[in-house]
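Me: I would like to go through this model in questions and answers. Please give the cut-offs as the terms come up.

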Amino acid sequence: MSTYFKDYPDKNGFFGPYGGAYVPENLKAEMQKIADAYYRIGKSHDYVQELRQIRKHFQGRPTPVYYCRNLSERLGGRIYLKREDLNHSGAHKLNHCMGEVMLAKYLGKKKVIAETGAGQHGVAMATAAAYFGIPCDIYMGEVDIAKQHPNVLRMKILGANVIPVTHGQRTLKEAVDAAFEAYLKDPEGSIYCIGSVVGPHPFPMMVRDFQKVVGEEAREQFLEMTGELPDAVAACVGGGSNSIGIFCGFLDDCDVKLYGVEPLGRGANPGDHAASVTYGRPGILHGFKSYTLQEEDGSPMPVYSVASGLDYQSVGPEHAWLHDQGRVEYVTADDRETLSAFFELSRNEGIIPAIESAHAVAYAIRYAKEHPRRSILVNLSGRGDKDIDYVVEHFGLQAP
Ligand SMILES: *Cc1c(COP(=O)(O)O)cnc(C)c1O
């Protein structure tokens, strides 16, 4: 075993030059408190045991690894899926939300605060908050509230308080700003639970540690099924939590190629995509340093993807570092290729993927066609039920 997880991040939350905590002084002290609590509580016997039980009995872990026989025989190559769509609440996000909210419970916090874009993180947070019996405030842009009605209802049914954000573009970035602001008003009584491996230290580290279970399970399951390791592993990259989760299981296996698939949206022009590693440059947003899509003056650039879970101007700092180290290769899939993969997986395997996850499936299809002898393991980060109305309304019942 290498010492990678000991070395990264360092004690100030840096992965090489990326990460850190670029926040006001009072928040910095609060972040340090959360980091200290995480090192103390998160590694304790009681906490670890409780999380293990929750994963098994509440979330339904381990989720299976599945061989896509039909798709593989049609394309050549061998495509496997890690089925995070079967994780309770339908995506990988619950893995870190249960960990974060349990930490809040151990710390005696009276409230958890979160932001949400498409509502996926909001639903996972509302689920975790209901489980632990902690009140939950979720900030969501007005535009997203209108677009993501079923998820808003889910959060409300689960007992969360959904707070509309009415300034600026009224989408994810403003929701993050509003959640931070609310947290700053009561950092003692509340805790801000971020939705991916982003934000100031310790969040990129904590969320990664909670998502690691995906890669650890997948490596063992794949070995048991096939007697070998996959040639490649692919996952979609928004903030980067599901991808870092599965990559962590294979970072030390130098022969396993790792691919992060970014959303190319309508194309490579600024504003038409959200491929932060591929087209961004180092900058600071939401309290951490990473590759960022920004204008000349440093302000965040508008971003777009058919998948609302992927349209973010930055990416987790660990991805920036793994990119610079050459350990992970970042590639892209556009809307068109993604929709085609969405239908192809649905019709050949009987699995409707989340439109986010369909980006990774699109890359796996390309890889399988080019490498008929190799195997690729895809993190199927979520199920597509949430996307069916949107897909049919905009694209009909056939791949574009
Ligand atoms: C939120 C979400 C993503 C993107 O987030 P990451 O942090 O990049 O994993 C991907 N897939 C699904 C299903 C999601 O809900």
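Me: How many aromatic pairs does a search of the whole structure find?
Reply: This is a predicted model, in which local features need pLDDT of at least 70, side-chain atom pairs count only at pLDDT 80 or more, and totals for chains, interfaces and linings use all residues. Residues are numbered from 1 along each chain as its sequence is written, and side-chain values use heavy atoms, with hydrogens and water left out. Rings of Phe, Tyr and Trp (its six-membered ring) pair if their centres lie within 6.5 Å; planes under 30 degrees apart count as stacked, over 60 as edge-to-face and the rest as tilted. The search of the whole structure gives an aromatic pair count of 19.

Me: How are the rings of F58 and Y131 arranged, stacked, edge-to-face or tilted?
Reply: The centres of F58 and Y131 are 4.7 Å apart. With 50° between the planes, the pair is tilted.

Me: Why does the pair of F58 and Y131 tie together parts that are apart in sequence, and by how many residues?
Reply: Helices are DSSP runs of H or I with at least four residues, numbered from the N terminus. F58 belongs to helix 3 (residues 45–59) and Y131 to helix 6, so the parts tied together are apart in sequence by 73 residues.

Me: Is F58 buried, partly exposed or exposed?
Reply: Buried means under 20% relative accessible area, exposed over 50%, and partly exposed in between (1.4 Å probe, protein chains only). F58 has 28% relative accessibility, so F58 counts as partly exposed.

Me: Is T127 buried or exposed?
Reply: T127 is found in helix 6 (residues 120–132). Leaving aside residues up to four places away in sequence, T127 touches F58, H88, S89, L94 and L158, where contact means heavy atoms within 4.5 Å. Its relative accessible area is 6%, so T127 is buried.

Me: Over which ring does the charged end of K212 sit?
Reply: A charge sits over a ring if NZ of Lys or CZ of Arg is within 6 Å of the ring centre and within 35 degrees of the ring normal. The charged end of K212 is 4.1 Å from the centre of the ring of F5.

Me: What share of the ligand's 380 Å² does the protein bury?
Reply: A polar side-chain atom of H92 lies 3.1 Å from an oxygen atom of the ligand, and an N or O atom in the side chain of S241 is 2.7 Å from a ligand oxygen atom. Taken alone, the ligand exposes 380 Å², with accessible areas from the Shrake-Rupley method with a 1.4 Å probe; for residues, only the protein chains shown count as cover. The share of that area buried by the protein is 97%.

Conventions
Helix = DSSP H or I, 4+ residues; strand = E, 2+ residues; numbered from the N terminus. Polar contact = N/O pair within 3.5 Å; in protein donor to acceptor, adjacent residues only side chain to side chain.
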